[in-house]
Structure formats: C-alpha cells, structure tokens
Amino acid sequence: MATVMHVGLNHYLVLSALLFSIGVLGVLLRKNAIVILMSIELMLNAVNLDFVAFSKYSGNIDGQAMVFFVMTIAAAEAAVGLAIAVAVFKRFKEVNISYFEKLKG
Amino acid sequence: MTIDDILFHAFAFVAVISALLVIFNKNPVYSALFLALCMSVLGAMFFTLNAYFVAVAQITVYAGAVMVLFVMVVMLFDLKRESEEILKFSPVTTAKVLAAALLCGFLVGTSWLGVTAVKDHLAGQVAPGTLSADLEKPIDGKIPKSIISLSAEDSDESTIKATPEEARELLNKMGGNPNPDEDLTAAEDAKLVEKATATESKGEPIEEFGSTVTLSRALFSKFVFAFEAVSALLLVAIVGAVALARSKGGTHHVG
C-alpha cells in the first residue's frame, strides 16, 4: 500500500490513461458535436499531463515545449470545430454528429 | 504520505470525477463547466510538477479562452429540446463501453508495468538527460546546466567540468593553492576540479528547472521552426473560421 500511495511517474501515467479513456468513451457515446469536441479536449489534456510528467521525471524541458504546441493546436481545433458546429446548427437546428455528413460547399 | 502525495490523490480524484461528469451530463453547459474544473485541476497539478509557465498557460488558454468559446457557442444554441439518452442499453453501447474499458486497461497496464520495468532496467546505468534510475524521485528544483542545455555545442564546457590543469590555473590566479608547483595526487586533483567548478559557476545562477527562462530558451532556439509553423497554423485557423462564418449558411453570410 505504501508504494501505491507514494506518488511516482507511473501514478501520473495511470491518471493520464484514465482521462484519455474517458475522453474516448465520450467521443464514442455522445451524439452532440460540442460534447464530442470537449471529449477531444479532455484527451489532449491527458496527453499534456503525460508530457509534463515525463519532462519532470527525466529532467528534460522539451516535454513542456511540446505541451505549449499542443495547447496552441487545441485552441485552433476548437475554434474551427465550433465554427462548423454553428454552421450545422443553423442548417438543422441541432448539433447532432450525424448531420455532419450532409454538409457540403 | 507527504503533502505532495495527498495533493496528487486529491487532484486526481477531482479530475477523474469531473471528466466523467463532462461526458455523462445531459446539459452541455454543465459539461463545459466540469471541463473547466478538470482543466483547472490539471493546471494545479502542473504547478506541483514544476511546470509553472505551462500551468499558467493551461489556466488562461484552456480554462479561460477555450472554455469561454465553448460556453458561448452552447449558449448560442437552443438546447432545451435536446433529450438524448446517453447510456441506453443496446449491443452497440455495450461494445463502445467495453472498447473504452479495454483501452483503459491496456494504457494503465502498460504505463504501470512499463515504468517499473524501465526502473529495474536502468538501475545503475544512468546518463544525464535520460530517465533517472530512481523514477520515484523526480529531478527536483535546481539541476545542473548540462541537463538543461540544448546541445553539446551550446553548453559552456567550463561550468560542467574543468580539467585539472585549468582548475589549478584558476585556483592559482585566485591564490587558492599556495604551492603551485607541488605535485598533486589524483584525489587532490578531483577535489580541485570540484572546487574550481563550484567557484566558476557561482557567478551565474543555475536556472531552476521548469522556469520560464529555460522553457523560452528551448522554445526560441531548438523549437523555433515549430514555433513559427504554429503561428502560420493559427493564421490558417483564423482564416478558416472566418470563411466558415461568411460562407453560405454560416452565421455571417453576406448576399
């Protein structure tokens, strides 16, 4: 029990794995496009936690630089994804993911 | 159990519970708020991991800007009519949950067992910059510049290790060794090297690991191309979002 409670690198990896799996479950289960985007953000955050934990435990700063890039790309992805969601809502009055296939032009 | 352990377990508990509430909440506004909570808790966890800049960026960019974007779009929609059953019992739902559980099991198993295996394997043979042998013990606070420095060329050799000749010369200059011609044994040489290295590096403070200085040094030298590429990507994202909004059927459609 003592070794399980004493926090090491594997604790952070396990937490990150849990968060990533919850994100995957959200993408699979939900139909609402906005909640799917939120689940993707959750998965990206889990990866960020991995990067920072590895950076700390290996003494290499590169992991934190990667987190910086992941954050930037996540913000860009959220902006474009939400713009598409708004377009879908204007057309179909719902943000169900199954309407995305009807988009064109 | 130290305070760090208690903090980790508390943060982890809140993060997992709020992440579950994000996906199992019918109201997307509540989902967004729980996602903000999850991200703030992860930001606090980054603080405990000595990633100060990343923690502040997490709170301002994720829990601030991105969440405002989500909440604004959710408020824009009429969500009252949405009555989606999230966990209705069907073979497809069961398969989805099983797939996610299987992925979770794989990830948890490999990360827990993998770290233990690496720890056993690396015990004894550790080079700077690789995973430390004792993964239970993080490289904390002040770390030598040799680990932070980006490449062999960039690192200032003299602060890492002075040769015995240089060390002797330096100490002679400072009047540290009263008999410069005296023959020194290897042990004394090593001691001198240590002393010279310590005195020479005293002038410039060793940067703390995870400080903004070390992170920005890496960002603007080693990752400068990626940094510029990301700025181009942001420009493309802005143009794309504006084009989507102004296109036929978008929110700002013009004639």
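This is a predicted model: local features need pLDDT of at least 70, side-chain atom pairs count only at pLDDT 80 or more; totals for chains, interfaces and linings use all residues.
Residues are numbered from 1 along each chain as its sequence is written, and chains are lettered from A and ligands numbered from 1 in the order in which they are written.

- From H3(A), Ile34(A), Met38(A), Glu41(A) and Val52(A) meet Val54(B), Val66(B), Phe70(B), Val73(B) and Val74(B) of H3(B), where contact requires that the C-beta atoms of two residues, placed from the backbone, lie within 7 Å.
- The residues of this contact between H3(A) and H3(B) divide into 8 nonpolar, no polar and 1 charged, with Ala, Val, Leu, Ile, Met, Phe, Trp, Tyr, Cys and Pro counted as nonpolar, Asp, Glu, Lys and Arg as charged, and the others, Gly among them, as polar.

**The two chains**

- Chain A has 4 helices and 0 strands, and chain B has 10 helices and 0 strands; helices (H or I, at least four residues) and strands (E, at least two) are DSSP runs, numbered from the N terminus.
- The radius of gyration of chain A is 18 Å, whereas a compact globule of 105 residues would have one near 13 Å; the radius is taken over C-alpha atoms, and the globule rule is 2.2 Å times the number of residues to the power 0.38.
- Along the principal axes, the C-alpha atoms of chain A fill a box of roughly 55 × 30 × 15 Å.
- Of the 105 residues in chain A, 61% are buried, and of the 255 residues in chain B, 20% are buried; a residue is buried if 20 or more other C-beta atoms lie within 10 Å of its own, exposed if 12 or fewer, and partly exposed in between, with C-beta atoms placed from the backbone.

**Where chain B touches chain A**

- In the contact between the chains, 80 residues of chain B take part together with 67 residues of chain A.
- H4(B) gives the most to the side of chain B that touches chain A, with 12 residues.
- That side of chain B divides into 61 nonpolar, 13 polar and 6 charged residues.
- Within H4(B), Ala100(B), Ser111(B) and Val115(B) are buried, and the buried residues of H4(B) pack against helix H2 (9-29) of chain A.

**Leu49(A)**

- Leu49(A) lies in helix H3 of chain A, and Leu49(A) counts as buried because there are 24 C-beta neighbours inside 10 Å.
- Leaving aside residues up to four places away in sequence, Leu49(A) touches Tyr12(A), Leu15(A) and Ser16(A), and also Leu42(B) and Met45(B).
- Leu49(A) and Phe20(A) are 29 residues apart along the chain, and their C-alpha atoms are separated by 10 Å.
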